[in-house]
Amino acid sequence: MIEMKHTVLVLCILCIPAPLMSQTQVEKKVATRASGYGVTYSLPLTSLIVNVEVVKEVCKAGPYYRYAEKYLGVRDAVTEDAVTYAPGRVTLENRGIPDTNNTYTVEFKAGTVAPYVYLTDDGLLCSINADYTPPAIPPAGASETETPANAAAGSTAVFTEELLMAGSLARQAEIAAKQIYHIRESKMDILTGDADNLPPDGEAMKIVIKQLETQENALTRLFTGTRSTETSYYDISIVPHENIENEVLFRFSAKLGVLDADDLGGEPVYMNLTATEKAPELTPKEAEKKAKMKGIVYNVPGKAAVEIKTAQRILFKGEVQIVQFGTYELLAPVMFEDKKKPVKVFFYPETGALKQIIQ
């Protein structure tokens, strides 16, 4: 955890292990006589989760890369082994964390009909007198790897005796190129029916063609080399309490990927966060009066414009709700005393805001 002037920043360099759907865990709490007909809950603080997609590319040169253009006409062959990183998509998630300074109790009278609430596993309010099913949330991403379908460059399986006996690299490249063209001719002869020994049926032809293509690809990569990519995702958590101007959120290096904000080995990535809707601060008298009011407390979040950028380009731009920039209101207890028509109330657990009231 790194304390910053405007925010608390946590850099989690973690690859999400599997592309499963995640879901907030909720629990039903019933107000009983034993609990004094009350259920305790917390209002959330806004925690912004910045998710950074990082694409890692691994390039491996083939032993005959110098002859790729001469024998195969390939101009973009890999000429040296290298590992590079590039930033991909940047997204922002609004995730609530319990505010230990704002914990309350939902109180019901003994005559209230079937009083109960749904809370998240960390105590955030989801609903009152209503069943709550949290929405399934797709994860920001999962580690993904893309590699060539066949063996890597330099596989010994394609080195024939003639190739191994060649006296120089140049001679080996020449022999390998001839083998590639011979395989291509063999494929064409089979497909056109000109081969001396054709496969007996269509399925056998597919197998033979696939084997020839595997050999051709392996030989070709001796010239072109290989490129493989791996995608990973990194989460950075920020709890803003005021405007943020050009704070270094993290750093990025083409050689190392995502780095901590104070690691000078990478280019800085900045965050700007500016309140667009902010509740006025209460006077001491107003705050005292509001504190004495009875009812179910919920948040009325403010809003902020967020921009995440490097010196060259903008990676993310949008508007988010910020609880810390808002205020709170109360639902009157009398709303829940109608035995014939119990009121159902839904909240946004990530912000503590009121979502819906059903009579």
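Helices (H or I, at least four residues) and strands (E, at least two) are taken here as DSSP runs, numbered from the N terminus. In that numbering, Gly326 is found in strand E16, which covers residues 314-331. The model is a predicted one. Its protein chain comes to five helices and 18 strands, and 40% of the 359 residues are buried. Of the contacts between residues at least 6 apart in sequence, 75% join residues at least 24 apart.

**Gly326 and its surroundings**

- Gly326 of strand E16 is partly exposed, at 25% relative accessibility.
- Leaving aside residues up to four places away in sequence, Gly326 touches Ala279, Val300, Pro301 and Gly302.

**Strand pairing around E14**

- Strand E14 (residues 267-277) pairs with strand E12 (residues 244-253) in the antiparallel sense, over six bridges.
- Within this pairing, Val248 has Tyr270 of E14 as its bridge partner.
- Strand E14 also pairs with strand E15 (residues 296-309), again in the antiparallel sense, over seven bridges.
- Here the bridge partner of Glu277 is Lys303 in E15.

**Packing of helices H3 and H4**

- Helix H3 covers residues 169-192, and helix H4 covers residues 202-224.
- The axes of H3 and H4 come within 10 Å and cross at roughly 155 degrees.
- Angles over 145 degrees count as roughly antiparallel, and H3 and H4 are therefore roughly antiparallel to each other.
- The crossing of H3 and H4 is left-handed.
- On the H3 side, the residues making the contact include Ala173, Ala176, Ala177, Ile180, Ile183, Lys187, Ile190 and Leu191.
- On the H4 side, they include Met205, Val208, Ile209, Leu212, Glu216, Leu219 and Phe223.

**Salt bridges**

- A search of the whole structure finds eight salt bridges.
- Lys187 forms one with Glu216, with the closest N and O atoms 2.8 Å apart. Lys187 lies in helix H3 and Glu216 in helix H4, so the pair ties together parts that are 29 residues apart in sequence.
- Lys187 and Glu216 are both buried, and both are among the residues through which H3 and H4 make contact.
- Lys178 and Glu174 meet through their side chains in a salt bridge at 3.7 Å, N to O. These two residues are four apart in helix H3, which means that about one helical turn separates them.
- Glu174 is partly exposed, with a relative accessible area of 27%.
- Glu174 and Lys178 are also linked with Arg171 in a network of salt bridges.
- The side chains of Arg95 and Glu93 meet in a salt bridge at 3.0 Å, N to O.
- Arg95 is partly exposed, with a relative accessible area of 36%, and Glu93 is also partly exposed, at 31%.

**Positive phi in asparagine**

- Asn129 has a phi near 60 degrees, a positive value in a residue other than glycine.
- Asn129 lies in the loop between strand E8 (125-128) and strand E9 (136-137).
- Is Asn129 buried or exposed? Buried means under 20% relative accessible area, so Asn129 counts as buried at 5%.
- Asn246 has a positive phi of about 50 degrees and is likewise not a glycine.
- Asn246 is found in strand E12, the strand that pairs with E14 over six bridges.
- Asn246 counts as partly exposed, at 40% relative accessibility.

Definitions and conventions:
Residues numbered from 1 in each chain as written. Predicted model: local features only at pLDDT ≥ 70, side-chain atom pairs only at ≥ 80, totals over all residues. Heavy atoms only, no water. Pairing = 2+ DSSP bridges. Salt bridge = Lys/Arg side-chain N within 4 Å of Asp/Glu carboxyl O. Buried < 20%, exposed > 50% of the residue type's maximum accessible area, 1.4 Å probe, protein only. Axes fitted to C-alpha atoms, helices over the stretch in contact; angles between N-to-C directions. Parallel < 35°, antiparallel > 145°, perpendicular 65-115°, else oblique. Left-handed = near helix turned anticlockwise from the far one by under 90°. Contact = heavy atoms within 4.5 Å.
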